[in-house]
Amino acid sequence: MRAVVITQPGGPEVLRVEDVPEPDLGAGEVLLDVEACAVNRADLLQREGHYPPPPGASEILGMECSGRIAAVGDHVAGWAVGDEVCALLSGGGYAERLAVPVGQLLPVPSTVSLLEAAALPEVTCTVWSMAFGATAGRLQAGERFLVHGGASGIGTMAIQLAHARGARVFATAGSAVKLDACRSLGADVAIDYRNERFEERIAEETDGAGVDVVLDNMGAAYLPRNLAALATGGRLIVLGMQGGRKGELDLGMLLTKRATVHAAGLRGRPPSGKADVVAETVAHVWPMIEAGSVRPVVDRVLTLEEAAEAHRVVEASEHIGKVLMRVR
């Protein structure tokens, strides 16, 4: 079968499509014929040699995909050959076939094509578990929510879900086109991070009260500013480090605001942990997708042979929403 492999750590040019062995099918797993996969920033880090897959996971890139079930392993119930699904992965998505633990499968919503479904698993599971989850953001209707990178895959889904759940949504983005996209998806306030300090704009818009939840992809660069933007009792959820790994935290301000800082991630969780997130996401998010109030945002669809170009697009932040690659 064909898959995208990393010839050596480096830039997008190190990606090649090669023939690789077929995956083994274990108990509690299904074999997928992959229709499409999506590109995530974690893939870029792995390509550069900075983010190895968890123990036991495939070395092949790809943390989400869609496809049809080609075979089912022992102890699998509720799924059959031919079912159309999407899947949350620890790796392996940039390939024609892969084996997936059954708990990481999600049905394809009736309002979404099989191709588009590849854009759903990572963003829906990430946003639901981190912004709304009981151990993380706990975002409620009527609260104020800030997402950085509002035009990204995570951002476009976070805006829609927060808006649909009745929150007041703030989003940052870096161009007029992306700011317009954020507003069209439900952002009440779109902030140009190139020309405005988001914490000052939030203070103006909230009469100094701040936001209740921040979903942050930047890490160190935004740490003190995110804390300044938080309301009393606010929750800062850090899910990326595009702005660096190490930052300074004002513990006095954290204590005064009775705020929390929560580091979040999905890839390293065991299959049982991923299965719990998947089940909650299907229960809470899938009805909104079926009703049409939330949808995947797809910027463009390339092919496996264009994996290097797909990585360049994501690396340059030239996209709005998700960049997909058609596998079949």
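How many bridges join strand 8 to strand 9? Some notes from a first look follow.

1. Residues are numbered from 1 along each chain as its sequence is written. It's a predicted model, where local features need pLDDT of at least 70, side-chain atom pairs count only at pLDDT 80 or more, and totals for chains, interfaces and linings use all residues, while side-chain values use heavy atoms, with hydrogens and water left out.

2. To that opening question: 4 bridges join strand 8 (residues 144–147) to strand 9 (residues 168–173), and the two run parallel. R144 sits opposite R168 of strand 9. Strands here are DSSP runs of E, at least two residues, and helices are runs of H or I, at least four, numbered from the N terminus; two strands pair if DSSP finds at least two bridges between them.

3. Zooming out, 6 strands make an open sheet with parallel pairing, ordered 10-9-8-11-12-13. Strand 10 (189–192) and strand 13 (260–263) are at the edges with a single partner strand each, so one side of each has no neighbour in the sheet.

4. Have a look at W128 and F132, both in helix 3 (residues 121–132) and 4 residues apart, about one turn of the helix. Both are buried, meaning under 20% relative accessible area (1.4 Å probe, protein chains only; exposed is over 50%, partly exposed in between).

5. F198 and Y222 form a tilted aromatic pair, 5.0 Å centre to centre with 50 degrees between the planes. (Rings of Phe, Tyr and Trp, the last by its six-membered ring, pair if their centres lie within 6.5 Å; planes under 30 degrees apart are stacked, over 60 edge-to-face, the rest tilted.) F198 and Y222 are both buried.
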